[in-house]
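Hello,

Here is the structure I promised to pass on to you. Have a look at it first, and then read my notes below.

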Amino acid sequence: MGELLKVDQLQIKFRSEQGETVSVEDVSFTIRHGETMAIVGESGCGKSVTSLAIMGLLGAGGTIAKGSVRFQDTNLASLPERQLRKLKGSQMSMIFQEPMTSLNPVMTIGRQIEEAVRLHLKSPRKTARRLAIDMLRKVGIPRPESIAKAYPHVLSGGMRQRVMIAIALICQPKLLIADEPTTALDVTIQAQIIELMKSLQEETGTAILLVTHDLGVVAAMADQVAVMYAGQIVEAADVYTLFRSPRHPYTQGLLNSIPRLDGGKGQRAPAIPGQVPSLREMPAGCRFHPRCPYAKDRCRERQPRLSFAGEEHQVRCWLAESEELESASASDDQRRKSVAL
Ligand SMILES: Nc1ncnc2c1ncn2[C@@H]1O[C@H](COP(=O)(O)OP(=O)(O)OP(=O)(O)O)[C@@H](O)[C@H]1O
């Protein structure tokens, strides 16, 4: 599979009255055609900002201060605004956690899908209408002809997310960025939306960049995973390696806090103690060290680099190769194997 998106040493800054903050630093990853890559981490780790930067949606005050985003060998930063807008929507599209904020409340659902088709595929209205109805059917909307005439507020959250997926995929983009696509939905609907995205991906070959804090969603969908902490990638690997042999104590903590399927009493490990540091009070050394049970002097003093722990497995941790971390994580291993994936 060839490379579709290459993010290289991305640094994102925000400017405000209080000064400048760096919210994402040294983030690099590649997504190949048709692949699903998940960015996972707690709230405030920089997942959304990274995906917004790729779409050129950082907003006022936000800039890519260093690094590059290349889409099929085109540096997105070098594209004039008009060409970037053309690329977005036709080759890259995005869905968010709360579809109601992206849908236009005063335009019928059918019209909103038709607009996407007409804008990017330049199809005549009649063709656009037919494509919109077909797409609504494809995303599992019952009675698509009558729903096309309805306004978004009459739909449930799950149905609205299906409509957003229809809008995002109607132009057959090569990349879909899905930012917490199932977080606002209840569990059974979450599973349906995941299944829908997977089956549409199989049919169209669209690559997906999935932003989530939910490791269950990662296990269900992702091929590759990047774990972010305090604006940096701390571990990256294929999904099997990451779940079987996590090397970073933060990844291990995230995995240990997944609830067990058998609900064993007292078996559920607590969430990782402490909080993600604020951008203005980033600790020296490893950013995770104040929460890390294995932290040593070196961790408090010097920042580790992302380095290889296996062929395609990268970890940002001074202790990742030490025996101490190995043996500590081995005792967690058994527990993790019984976790619902
Ligand atoms: N518009 C902005 N101006 C200033 N700082 C921002 C802005 N947007 C995000 N940030 C900061 O960037 C950091 C990363 O935020 P981001 O939303 O990417 O985190 P996240 O991991 O996606 O969390 P969540 O799941 O809560 O969205 C946070 O510290 C946040 O406060």
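This is a predicted model: local features need pLDDT of at least 70, side-chain atom pairs count only at pLDDT 80 or more; totals for chains, interfaces and linings use all residues.

β10 (residues 232-238) runs antiparallel to β9, and six bridges join the two strands. Together they make a hairpin with two residues between the strands, and alanine 230 in the turn has a positive phi of about 45°.

Is methionine 228 buried or exposed? It counts as buried, because 25 C-beta neighbours lie inside 10 Å, where 20 or more are needed. Beyond the neighbours within four places in sequence, methionine 228 is in contact with Ile39, Gly41, Cys45, Gly46, Lys47, Ile233 and Val234.

β9, β10 and β12 belong to an open sheet of eight strands with mixed pairing, in the order β6-β7-β8-β3-β9-β10-β12-β11. At its edges stand β6 (92-95) and β11 (307-310); each has a single partner strand, so one side of each has no neighbour in the sheet. On average, neighbouring strands here are turned by 20° against each other, direction ignored. Helix α7 (residues 157-169) lies across β6 and β7 (175-179) and runs at about 170° to β6.

There is also an open sheet of four strands, ordered β2-β1-β4-β5, with antiparallel pairing. Its edge strands, β2 and β5 (74-75), pair on one side only. Between β1 and β2 there are 10 bridges in the antiparallel sense, and lysine 6 has threonine 30 in β2 as its bridge partner. Across β1, β2 and β4 (62-71) lies helix α1, at about 110° to β1.

**Around the ligand**

Which residues come nearest to the ligand? Of the 17 around it, they are Phe14, Ser23, Ser43, Ser48 and Val49. Two or more residues of this shell come from each of β1 (3-16), β2 (19-32) and α1 (47-54). The largest share, three residues, is that of α1. By type, the shell holds 12 polar residues, four nonpolar ones and one charged.

**A covered helix and the annotated domain**

Helix α11 (residues 249-256) is largely enclosed by the rest of the structure, because seven of its eight residues are buried. Those seven are Pro249, Tyr250, Thr251, Gln252, Gly253, Leu254 and Leu255.

Finally, the UniProt record, an unreviewed entry, carries the annotation "domain: ABC transporter" for residues 5-255. Over that stretch the chain is 42% helix and 28% strand, and its end C-alpha atoms are 27 Å apart.

Definitions and conventions:
Residues are numbered from 1 along each chain as its sequence is written. A residue is near a molecule or strand if its C-beta atom, placed from the backbone, lies within 6 Å of it. Ala, Val, Leu, Ile, Met, Phe, Trp, Tyr, Cys and Pro count as nonpolar, Asp, Glu, Lys and Arg as charged, and the others, Gly among them, as polar. A residue is buried if 20 or more other C-beta atoms lie within 10 Å of its own, exposed if 12 or fewer, and partly exposed in between; C-beta atoms are placed from the backbone. Two residues are in contact if their C-beta atoms, placed from the backbone, lie within 7 Å. Two strands pair if DSSP finds at least two bridges between them. Axes are lines fitted to C-alpha atoms, for helices over the stretch in contact, and angles run from 0 to 180 degrees between N-to-C directions. UniProt positions are given in the numbering used here, feature names are shortened, and annotations may be inferred rather than shown by experiment.
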